[in-house]
Amino acid sequence: MIITVATTPFEGQKPGTSGLRKKVTVFQQKHYVENFIQSIFDTLEGYSGRMLVIGGDGRHHNDRVVQTAIRMAAANGFGRALVGRGGLLSTPAASHLIRKHGAFGGLVLSASHNPGGPDGDFGIKYNAGNGGPAPEKLTDEIYARTKSIGSYRITGTPDVDLDRLGECQVGSMLVEVIDPVADYAELMQTLFDFDAIRHLIRSGFTMKFDAMGAVTGPYGTRILEEMLGFPRGSVMNGTPLTDFGGHHPDPNLVHAKELVAQVMPEGGPDFGAASDGDGDRNLIIGRGMYVTPSDSLAILAANATLTPGYAGGLSGIARSMPTSAAADRVAARLGIPCYETPTGWKFFGNLLDAGMATLCGEESFGTGSSHVREKDGLWAVLMWLNILARRRQSVKEIVTGHWREFGRNYYSRHDYEEVDAEAANGLMGALRGRLGALVGQHGITLADDFAYDDPVDGSRSTKQGVRLLFEDGSRIVYRLSGTGTAGATLRVYLERYEPDASRHAIDTQEALGRLVTLSRSLAEIEARTGRSAPTVIT
């Protein structure tokens, strides 16, 4: 039943910060998916007879790739596969399943917050036995294998009925189709006080959760409406669709405008939240208050002991380098370390596994903890709900109170999307070439290209983003994103610390105005890219 198929390499199958992402049409090329999956298996050792978790976010082409992955896992010697019903698994749920069942690893099929549909994006990544994304050493080996692969193995078996729970046999491998929500929901009940949240709801507290037509719809419906008791309809866009219902499933103020329009005005729901394509990102807003991801991480850390799962305190906090230093101030107050890592959740894995950090976060709407090895959108929503239930204050009151206590980090990210790749690389190269000359200009005290030395395994990651630090503590950071599929995305991060509470109500873009102007002129953004303004501001 095992077929060996001759093939030839495809160019460009290099995994980025979260696996291989390309247009759907690229993945639909004959042998393209098979080549990449076989390259993963060829790079791994010791999985014979072991378990593999398989699932994805339900975007276009997910159904076909799940079936291919099942047949290839069977042909390559895995003993058992756990697959979410309908081929669905949120990324954090997949991470939990790997950890709970002691699986060898997992194949997560998603392009995260990127658009779906036939003309959208698709992605495949491998998660290791700790439940987290494959480390750079392994992804480098996978990429090297894609350049020399000559054949792949697959069974000649029919498709598995993914809509029916239960077990079946594919070759010598047992396949179990499971409820994709059950194990995850059980985990959330161990971390948060569901009774306290139910009491909050009974007091009249209201919320809207926008699943954006993506995978967190079933999770939100089960946990928020059926288990906690929010009224039916509290979950918006809750049915996973292959094109996400036309939504761009990126939970920010631009793409979640339907949610923002309902929650932000006076008279709206008390609380609003959204998640992305694969369920690992989150947007948090309250009536009249948007919570930046950087502030959210800091506030969750400052209030973590109000929740059962973190009542014993935190061992440390980790944040990506572009994320604001708000969490650093909380860590200092708590007397725990705060680690600054490159962008990419895989860099948090070693810290979490070593027990050196408990909460982690990225400015790109990702927050999580040691409960899994991925960021987790719905986890963040539930943690906020638990804190709201305990403090009985509004989101706005909690945020402004945090600023009074710790100071406010004015923060914004300006994205220039689908910039010509050559122009974007030229811009970064020119900046790197001028780093030494920039020190002393405009109050710049440090100009460098961020490098990270992992405190656990000693590995070094270089060229992780250009940093400009100013004498007043402000920052400008330039970085090219590794999650897009067309051209390049230039991300510019701007931060200014304000300790004076009387100056905490300034509009963010106004407060950062000088840095915005300087960021564009220093990097010669318009001259080099032709862009006079960013595509998205968050």
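In what order do the strands of the open sheet of 7 strands stand? The views below take up the sheet and then the cores.

The model is predicted, with local features requiring pLDDT of at least 70 and side-chain atom pairs pLDDT 80 or more, while totals for chains, interfaces and linings use all residues. Residues are numbered from 1 along each chain as its sequence is written, and side-chain values use heavy atoms, without hydrogens and water.

**View A. The open sheet of 7 strands.** The order is β2-β6-β5-β3-β4-β9-β8, with mixed pairing. Strands are DSSP runs of E with at least two residues, and helices are runs of H or I with at least four, numbered from the N terminus; two strands pair if DSSP finds at least two bridges between them. At the edges, β2 (20–23) and β8 (166–170) each pair on one side only.

**View B. Strands β8 and β9.** β8 runs antiparallel to β9 (residues 173–178), and 5 bridges join the two. Q169 stands opposite L174 in β9.

**View C. Helix α4 on the sheet.** Helix α4 (residues 91–100) touches β3 (51–56), β5 (105–109), β6 (121–127) and β9, where contact means heavy atoms within 4.5 Å.

**View D. The largest nonpolar core.** A nonpolar core is a set of buried (under 20% relative accessible area, 1.4 Å probe, protein chains only) Ala, Val, Leu, Ile, Met, Phe, Trp, Tyr and Cys residues joined through side-chain atoms within 4.5 Å. This core has 72 residues; M188 and W379 are among those touching the most other members. Helix α13 (residues 377–391) gives the most, 11 residues.

Definitions and conventions. Buried means under 20% relative accessible area, exposed over 50%, partly exposed in between (1.4 Å probe, protein chains only). Axes are lines fitted to C-alpha atoms, for helices over the stretch in contact, and angles run from 0 to 180 degrees between N-to-C directions.
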